[in-house]
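The exercises that follow are to be worked with the sequence and the model side by side.

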Amino acid sequence: MQSREPNMASCMRSLFSDHSRYVESFRRFLNNSTEHQCMQEFMDKKLPGIIARIGETKAEIKILSIGGGAGEIDLQILSKVQAQYPGICISNEVVEPSAEQIVKYKERVANTSNMENVKFAWHKETSSEYQKRMLEEEPQKWDFIHMIQMLYYVKDIPATLRFFHGLLAANAKILIILVSGTSGWDKLWKKYGSRLPRDDLCQYVTSSDLTQILDGLGIKYECYDLLSTMDITDCFTDGNENGDLLWDFLTETCNFSKTAPPDLRAEIMKDLQEPEFSVKKEGKVLFNNNLSFIVVEA
């Protein structure tokens, strides 16, 4: 994990300082990447085997979604659990700090059929606020916990993993999805992290860091890597709106194209076309967005 030095050299500011721009750049990232298709492939091919025993001898299956966002992937997970355990009651609790995302999640549930046997509860809070609240209450045990693309926003990752691992019931599992240590993100963060705006909200962490942490905690896990790409071709056209928003997402910088020192922008632009970051295919530049799926056992 890289810690970041504050950047004094320019007026660049963190993308997280402008919530609506962050949301829009994230939307562009999803539209230009195979992120969700990659997750869907994992849910179709691997998840059924992973959840095969989580509900054994249980009258109700309890699922906890940490950072569930707008629920796209959560509902895929629920459908796999329903297929594995037809008719069983499922309690699905969601911890998500963005009110905007919770509204979208609720709309998605309202427009999805076959959810009669699922009870939903949403908590507008961060994972650390949830942890704090649970320490004051009697924490319940869960059969499946998932943390999808959210560990970047946690200050103390080892303590978070220890806490949620402690909430697992018999045969339960945690699914963590993060960018892979083999991805372009890993190279980008290691090389340029110290020159991009610092933000307390977010840290650079990949599956390589995470597996080291889990080894240190003595927690058993399995790790699967899946290929994913992000089409960054528009980033190489000056003044392209889509490209500008993708630049913001790549660098976690608000209006990177307009506020970054020209030498930094030119350097990253050159690197993003190199083979360790991207592949060139049919006139497109495809950034390596490989994902790791880490399954933690009780």
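Buried means under 20% relative accessible area, exposed over 50%, and partly exposed in between, with a 1.4 Å probe and protein chains only. The model is a predicted one, in which local features need pLDDT of at least 70 and side-chain atom pairs count only at pLDDT 80 or more, while totals for chains, interfaces and linings use all residues. Residues are numbered from 1 along each chain as its sequence is written, and side-chain values use heavy atoms, with hydrogens and water left out.

**Exercise 1. Compare the radius of gyration of the protein chain with that of a compact globule.**

Solution. The radius is taken over C-alpha atoms, and the globule rule is 2.2 Å times the number of residues to the power 0.38. For 298 residues the rule gives a value near 19 Å, and since the protein chain has 20 Å, the two agree. The box filled by the C-alpha atoms, taken along the principal axes, is roughly 60 × 40 × 35 Å. As for burial, 53% of the 298 residues count as buried.

**Exercise 2. Classify the ring pairs that involve Phe120 and Tyr105 or Phe120 and Trp122.**

Solution. Rings of Phe, Tyr and Trp (its six-membered ring) pair if their centres lie within 6.5 Å; planes under 30 degrees apart count as stacked, over 60 as edge-to-face and the rest as tilted. The whole structure holds 21 aromatic pairs. For Tyr105 and Phe120, the centres are 6.3 Å apart and the planes stand at 70°, so this pair is edge-to-face. Because Tyr105 belongs to helix H5 (residues 99–110) and Phe120 to strand E4 (residues 118–123), the pair ties together parts that are 15 residues apart in sequence; helices (H or I, at least four residues) and strands (E, at least two) are DSSP runs, numbered from the N terminus. For Phe120 and Trp122, the centres are 5.4 Å apart and the planes at 10°, so this pair is stacked. Tyr105 is buried, at a relative accessible area of 0%, whereas Trp122, at 24%, is partly exposed.

**Exercise 3. Which residues of helix H9 are buried, and against which elements do they pack?**

Solution. In helix H9 (residues 207–217), the buried residues are Ser207, Asp209, Leu210, Thr211, Ile213 and Leu214. With contact meaning heavy atoms within 4.5 Å, these buried residues pack against helix H7 (157–165) and strands E6 (168–179), E7 (221–226) and E12 (291–297). Just after H9, Gly218 adopts a positive phi of about 70°.
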